[in-house]
Amino acid sequence: MSTQLMDMSEASWLSLETRDRPMHVATLLIYSLPEDAPADFLQQLVAKFRESTEFADPFNRRITNPLMRAMIPLWTTDHDLDMEYHVRHLALPAPGGERELGILISRLHSNPMDLARPLWEYHIIEGLENNRFAVYFKMHHALVDGIAGVYMLQRSMSPDPADLNMPPLWSAEGPAKAKKNLGSIIKSASDAINSYIPVTKKLVEVARSAFDADDPLTRPFQTPVSILNHRIHSQRRFATQLYDFARIRRLAKLGGCTVNDIVLALCSGALRRFLLELCVLPGQSLTAGIPISLRSKDDESSAPAVSFIVATLGTNIADPIRRLKAIKASTNRAKQMMEGMTREAIESFTMTMLSPQTIQAMTGLEGRTRPVFNLTVSNVPGPAERLYLHGARLEAMYPVSAITHGQALNITCYSYAGTLSFGFAGCRDTLPRMQRIAVYTGEALEELEAALESRSSEMTEAPDVEVAKAAPARKPGSRRKTPPTR
């Protein structure tokens, strides 16, 4: 068995792992069975998958010494996996509706991963109503981020329903992971040093923004403490929503903003109503940590490559259009901070900005002090075309993300084949009515849609303004008549 050194990001994600804070992420996929599928279609699929024992990186990696992972950050390559453990076959209780599936996913996502094994699980779930089944794929965040996970899943499916020879997820080869050597380590250190000057300039700019009331830049800790920002426990809740992506894009066009801004506005509207109903809405706006991908278009590697910006959610603003404007100004200003910076500089800048959160995690102060931001909201681009798994059509894919102390809620979106799916992952004890947040995003969508359409209609139907005629010029020596005073 060979060993390799963990990246800093891989070691960092593993260092956060505890029983109450498992750091795995997952995707829930909903499939329709093929029309001519035999009664034992899923049993055959499970058996075929368990027989596939060719493993692509990182599916054959396990921690060399789980108990000493902080002191000995090494991966060992393992080729002898227990496939009955990693590939599981489950069934929903009748009637197999969305509620029963949500309860099962909540329980599966609550279970921490076995750190002595390769850090992935693949659950095939039968019994979903309307001739459907589900797949719950779980992997540790040390091995994958949202975009990398989508690439992995995409490689294991085909746009052709007749293609029955696609390899299982763990056997589908992706881009080779760059190996670490002394030269690459020295270069990485040199790049980090070279980024010191531009990063310092940006940090000075952040400090100056604190003295400018008109600067929309949202800084770490510029946020209230809410019910989302305390210690969490191990059990999770999960909820979903699915929307037409064209509808979201249309709102972005009407609002003169990005799709990400619309996603933030929907989350903001839902959270505002949810917290108002509980009488715990802070007077200061909640803020969101928003992951930003640092990947190039052709980078499909599995290693995490994510930066962060912090933006306001405008939850203290009742009007949906004013709320959207505040979000747009905040995200534009945050992205402006990274303009002209190299990837290494952005990573150094982000690491510095989020260092208080790292210190909180290391000292156990997460959820006991003011949060760096209130929750994470992420939007991950997915495949645009329809995909099939051995003839079964993929209907929807939902992200199931990780939460941490001080942030009891994570909202992540996937786009897929003309849809935008929301996955809400939260602490079961902190958010006993979390399903309401999911429902309220739909109502926030309708509210924002009505407001933007009304404004657009008013602008279109506004009457032409009559141009006032110029007063005739006075003759030299004439006097202007003064109107009588009443």
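These are my notebook entries on one predicted model.

**Ground rules.** I number residues from 1 along each chain as its sequence is written, and my side-chain values use heavy atoms, with hydrogens and water left out. Because this is a predicted model, local features need pLDDT of at least 70 and side-chain atom pairs count only at pLDDT 80 or more, while totals for chains, interfaces and linings use all residues.

**Whole chain.** I looked up the secondary structure first. The chain has 13 helices and 15 strands. Helices (H or I, at least four residues) and strands (E, at least two) are DSSP runs, numbered from the N terminus. I then checked burial: 51% of the 486 residues are buried (under 20% relative accessible area, with exposed over 50% and partly exposed in between; 1.4 Å probe, protein chains only). For contacts (heavy atoms within 4.5 Å) between residues at least 6 apart in sequence, 78% join residues at least 24 apart.

**Strand E15.** How many residues of E15 are buried? I found 9 of the 9 in E15 (residues 419-427) buried, so this strand is largely enclosed by the rest of the structure. In a regular strand the side chains alternate between the two faces of the sheet. Thr-419, Ser-421, Gly-423, Ala-425 and Cys-427 are buried on one side of E15, and Leu-420, Phe-422, Phe-424 and Gly-426 on the other.

I looked up its partners next (two strands pair if DSSP finds at least two bridges between them). E8 (residues 236-244) pairs antiparallel with E15 over 9 bridges. Phe-238 has Ala-425 of E15 as its bridge partner. E14 (residues 409-416) also runs antiparallel to E15, joined by 8 bridges. Tyr-414 stands opposite Ser-421 there. The E14-E15 hairpin has 2 residues between the strands, and Ala-417 takes a positive phi near 45 degrees.

**Open sheet.** I traced 6 strands in the order E5-E6-E7-E2-E13-E12, with mixed pairing. E5 (87-91) and E12 (388-389) are the edges; each has a single partner strand, so one side of each lacks a neighbour in the sheet. E12 pairs antiparallel with E13 (residues 392-400) over 2 bridges. Tyr-388 stands opposite Arg-393 in E13.

**Helices H9 and H10.** H9 (residues 259-277) packs on H10 (residues 320-337) at about 130 degrees, with axes 9 Å apart. Residues making the contact include Ile-262, Leu-264 and Arg-272 of H9, and Leu-324, Ile-327 and Lys-328 of H10.

Technical notes. Axes are lines fitted to C-alpha atoms, for helices over the stretch in contact, and angles run from 0 to 180 degrees between N-to-C directions.
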